[in-house]
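Here is a short briefing to read alongside the coordinates.

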Amino acid sequence: MSRVSTNDAGSTANKPPGRRAPSEELLGQALDRTLLKRIFGFVWPYKRELIVAVALLPVVSLFEIAQPYLLKKAIDEHIAVGRLAGLDRVGLAYLGALLGQYAAGFAQIYLTQLIGQRGMNTLRTRVHEHVLSLSASFFDRTPVGRLMTRMTSDIEALNEMFASGLVSLLGDMIRLVFILVAIFGIDWKLALFSMGTAPVLFGIAAFFRRWVRDAFREIRTKLARMNAFLQEHLSGMKVVQAFAQESRVDREFDAINLDYRRANARAITADAALYSIVEAVGAIAVAGLLWHGGNRIAGGTLTFGVLVAFVEYLGKFFAPIRDLSTKYTVMQQAMAAAERVFTLLDTTEPDAPLVSASPAPRAACPLIELDHVTFGYRADRPVLDDVSLSIAAGETVAIVGATGAGKSTIIKLLPRLYDLQGGAIRIGGADVRTLDPRALRRRIVVVSQDVFMFSGTLRANIALGDDALTDAQILVAARRVGAERVIATRPEGLDARVLERGVNFSAGERQLVAFARALARDPEILILDEATASVDPEAERAIERGIGELMRGRTSIVIAHRLSTVKRASRIVVIHRGRVAEEGTHEALLARGETGIYARLYRLQMVGHAASASEAAE
Amino acid sequence: MREDPDGITDTCAVPSDPLPSIRHRLRPELPGIWLGCVCLAATNALALTIPWLIKGAIDALRAGARTAGGLHALVVRNAILIAAFAVGQALIRTWSRILIFNAGRNVEYQLRGDLFRHLLRLDGGFHRRHPTGDVMSRLTNDLGSVRAMFGPGLLNLCNTALVYATTVWLLVHLSPRLTLFALLPYPALLVGARLFSRRMYAASRGIQEQLGVMSTSIQEDLAGIAVIKHYTLEPTREAKFRALNDEYLTRALALVRARGTLSPLFAVLGGAGTLIVLWAGGREVILGRMTVGGLVAFNAYLVLLSWPTIALGWIIGVWQRGIAGWVRVRELLVTEPRIADPPVAAGAAVTIDSPSIEARNLSVEVDGRRLLDGVSFSLPAGATLAIVGPTGAGKTTLVDALVRMHEVAPGAVRIGGHDLTQIPLATLRGQIGYAPQDAFLFSATVAENIGFGIADRGDGTLDLERVKRAAEAAGLTPDLAILPDGYDTLVGERGLTLSGGQRQRVALARALAAEPKILILDDSLSSVDAQTEREILTRLKPILAGRTSILIAHRLAAVKDADRILVIDRGRVVESGTHVELMGAGGLYASLYRTELDAEALAAVAGAA
């Protein structure tokens, strides 16, 4: 028999389990023309390498196919007739074919993978850039987990197609054609006879392909379910344990685990059966060949060499047919992954596209202007309703209002994270839609309540992408907002490591880092969402000082939670249910007396203060 | 196993050194594995007979050239035998594969169950120290490697051993001289296989690590997308990702080179055997020391031998990965939970009748940092305790300690008069309804999430009335009316995304549905506005009245009616007393309260406007 017979390691059931299966089971065609074209687009820059790799395929096959032929030559012309002269030459030719196969094989595999890896590298960068360029509302809707899958395991699955898919499929086909040419060239009658089992083989492979494919599809579904369950219950372990639900969760998991186990059992049966049947058919074909060939040798119409060569050729012929179902599965997975990745790439929800070029700035207009702004995250539910506001350069405006009144929405609209449903926002007289969004955002710095820190160093978190900042500048910024304490308490100073999401910094420290970060940017406009979280009084004073320093000499909008901030503001805007209810300075609003809402409620709260104080005094 | 390649070929038993405790998991599979090995032996015996039959046929044909007659019958007989053996071999091989692969899968299934059950027992400290991603990769990738070791790894190991033992013997029988020649390249092959498999192992580990780094970076980009947009960090983050991506490319290509050298090399070395047969064997035949049939059979056996040899490199890799995986799996399995049930005798009698809580000099250390330092308080059954203090003061640590999510010294806490460490965990936690700070919900319906603690009634059905009562008390009724499928709406990662306030209230309802004797609410209403909070607190009053309750609150106004308020700062109790007492003391509480009033004033201004 051929070397096919004991090939246990090459079949699908032996493959280590794939990376996390995608959650959606979008299994389409194994070869979708449009998708292939797009994937091809990513490897097209390496077309030279691709052409060489494809051109090498027939070379590899040729060297491989030559070997049984040389064997035939050696047997018929030398060994069988007892002629030693020239056997060395055939042997050398055989050695040449072997070395040729090795060299060409290495070059072909290396080039194919090189192209694949480079193509995936480009695709990964492209997807990453694309995702970062999408609008904020896209991120509101799309779960992080799904995007993660797209950007990691889906692209990995696509890579599999290059590693063991398309090119090797092409290689297999070339090899099959070459074998056919060789055997028909040597002895067409014997070739016709030995190909008699080929239709049976194709039939079996086709039948099993469906079985194996269904089994593997089921495995993927079950695996995805199992991984999701594990992931979720590991994250929620505290809840499971706090409610003493371990045994129930264990039972649930066992059912899922068993399901996966059963799906695997089906695949093992299908795979083992396919493998063995192909092998048996191969052996039967060899037996038939031997019987038929033997008769002809006896009749003198066939030589030993031809028979031996045919046995070798048949072995080489069966292997790719058996592996077809595995490759088909790989291709199908890759195609499904490609479809999902390209769907993401096709999501056209650009972040802040330019509507028209910026007109010449008008003279003497307010720096920030909200002109009858209407906006909602969903069009049918406006969060801001006809809000107009104008803020001059250098002014500090405090916005107050209840949770959900629309305060934080204003913050998101100024740097144009969202576009309006009605009205306009102008910065320096120019509609924000006509300004380059990056230039616009560079003029505005937003400090939010929930400070996000990137893993890396403290320095990188303050400089935040501005490589031009020197350590001295960073330290000055930190000192001015009172964040030097954060740096000083760490032995590594600015090189102090920041863990994921800044978990090794307290909430107060994160606030101060955010202030330093903002000051280092030195923006024209500052938007500050004051933290409501209670921190210790010492940190509280530091933060208060930091805020004061931050707002100095800048146009500032503050969502205020501190009385000190409100008092410092040149104007207070009261937002209620998406509308501006009142505006003026603290004093002016207070001076309205009983007719002003702000004044009335402020006094009421002050009485509350007094009451608490007097209660305490009792 | 790692150092001794001969061990692989000589035995299919499990090496004793790195795998002591996996044996009991393997034992039930042993009959299947043995039967599989027997099948393998049988299938190999059949496979080895085929070249012998071919040899007989060819030699008969050669002889037949001289003396015809009887020849036809022999060839036909051998051809029929080959076909019959081939079919038999296929059937038996199918069984050997099914038996051994299933044994591997069974081990995987059992171990995964063991591992998950063990993870359910491990304490909160363990789960905090081990990122989900890491534990997940042990549960999936590493277990997969172990499975590959016992399934295909074991199969190929046995197969290789069998094929070697029999084939080499047959080869020697056919021609000892030729065997010597033919086996010449094999030592080189072994060395090459080991060298490359080690390189490939290192390369693939490098790739896995880099993939992890890339995933973490992407995760960060997605989590921090708002900052990225505000600070126009897109170019910076893209550059960072590109660098990681390029590093990945470099590492991937290193693997490609190793793999690209290895696989054609093996194919060629397989062919080299044929070359030697051709060259040396041809001479043997011509010199009359061997028959043509013998040569063909010799070649066929050599080909049979070439695959197990190629597989050897693969087997070494599979066993290396399998053992590495098992070491990582075992690390988890041998980790003993630091928090466990008391000995059965001590815990059996414990019932909590009157749920008073008393802490005496309670300290909690996590990863060497002292998060709670000598906290003492006493709470009579039915009373309400409020815990306030700045972020990071240790409030959550304190309540976590009460449900034994942290290690607690014996005697430091008594619940219902019993030492906390002497109460079985299920008894303790069965009495406590806990709404943790991060309102984690499972991917399940709203009703299932609320009924999470009460579903375990044997049949898994939910007491919907209780669920509804809890939802009502948690102020969820108006939200449920808006949700597309009401109580049957799927929420969590794979369902509808609820707002922070909604999530918190579902978690609150989950704690209430358990109808516990002790209720712990860790900042359960921080994401709802003050007005809603007041409403819910009003509704909670009768529920709290019958229970011992501990409330952690952001807004001090929400807790000022508590029987007792504990002010915690940096792990210590700095003040305690009633609201009035604390306001009078003019300490941290009073200062925090005033700061809050400012904020409340501003919010109230707008709220009522």
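Chain A has a mean pLDDT of 80, with 86% of its residues reaching 70 or more. Please keep in mind that this is a predicted model. For the complex, the predictor reports an ipTM of 0.82 and a pTM of 0.75.

- Where pLDDT is low, the predicted coordinates should not be read in detail.

**Chain B: confidence**

- The average pLDDT of chain B is 81, and 89% of the residues score at least 70.
- Over residues 1-20 of chain B the pLDDT is below 50, and this stretch has 30 contacts in the model beyond near neighbours in sequence.
- Among the elements of chain B, the lowest mean pLDDT (33) belongs to helix H1 (residues 5-10), and the highest (93) to strand E4 (residues 413-415).

**Chain B: make-up**

- Chain B contains 21 helices and 10 strands.
- Of the 609 residues in chain B, 50% are buried.
- Counting contacts in chain B between residues at least 6 apart in sequence, 77% join residues at least 24 apart.

**A closer look at Gly453(B)**

- Gly453(B) sits in the loop between helix H15 (446-450) and helix H16 (464-473) of chain B.
- Is Gly453(B) buried or exposed? Gly453(B) has 26 other C-beta atoms within 10 Å, so it is buried; the cut-off for buried is 20 or more.
- Setting aside neighbours within four places in sequence, Gly453(B) is in contact with Phe243(A) and Gln245(A) from chain A, and with Arg510(B), Ala513(B) and Ala514(B) from chain B.
- One of these partners, Arg510(B), is 57 residues away from Gly453(B) in sequence, with a C-alpha to C-alpha separation of 7.0 Å.

**Two packed helices in chain A**

- Helix H2 (residues 47-79) and helix H3 (residues 87-132) of chain A pack at an angle of about 160°, and their axes are 8 Å apart.
- H2(A) is therefore roughly antiparallel to H3(A), since angles over 145 degrees count as such.
- The crossing of H2(A) past H3(A) is left-handed.
- Which kinds of residue make up the contact of H2(A) with H3(A)? The contact of H2(A) with H3(A) has 21 nonpolar, seven polar and three charged residues.

Terms used: Residues are numbered from 1 along each chain as its sequence is written. Chains are lettered from A and ligands numbered from 1 in the order in which they are written. This is a predicted model: local features need pLDDT of at least 70, side-chain atom pairs count only at pLDDT 80 or more; totals for chains, interfaces and linings use all residues. Axes are lines fitted to C-alpha atoms, for helices over the stretch in contact, and angles run from 0 to 180 degrees between N-to-C directions. Helices (H or I, at least four residues) and strands (E, at least two) are DSSP runs, numbered from the N terminus. Angles under 35 degrees count as roughly parallel, over 145 as roughly antiparallel, 65 to 115 as roughly perpendicular and the rest as oblique. A crossing is left-handed if the near helix is turned anticlockwise from the far one by less than a right angle, and right-handed if clockwise. Ala, Val, Leu, Ile, Met, Phe, Trp, Tyr, Cys and Pro count as nonpolar, Asp, Glu, Lys and Arg as charged, and the others, Gly among them, as polar. A residue is buried if 20 or more other C-beta atoms lie within 10 Å of its own, exposed if 12 or fewer, and partly exposed in between; C-beta atoms are placed from the backbone. Two residues are in contact if their C-beta atoms, placed from the backbone, lie within 7 Å. pLDDT is the predictor's confidence in each residue, from 0 to 100.
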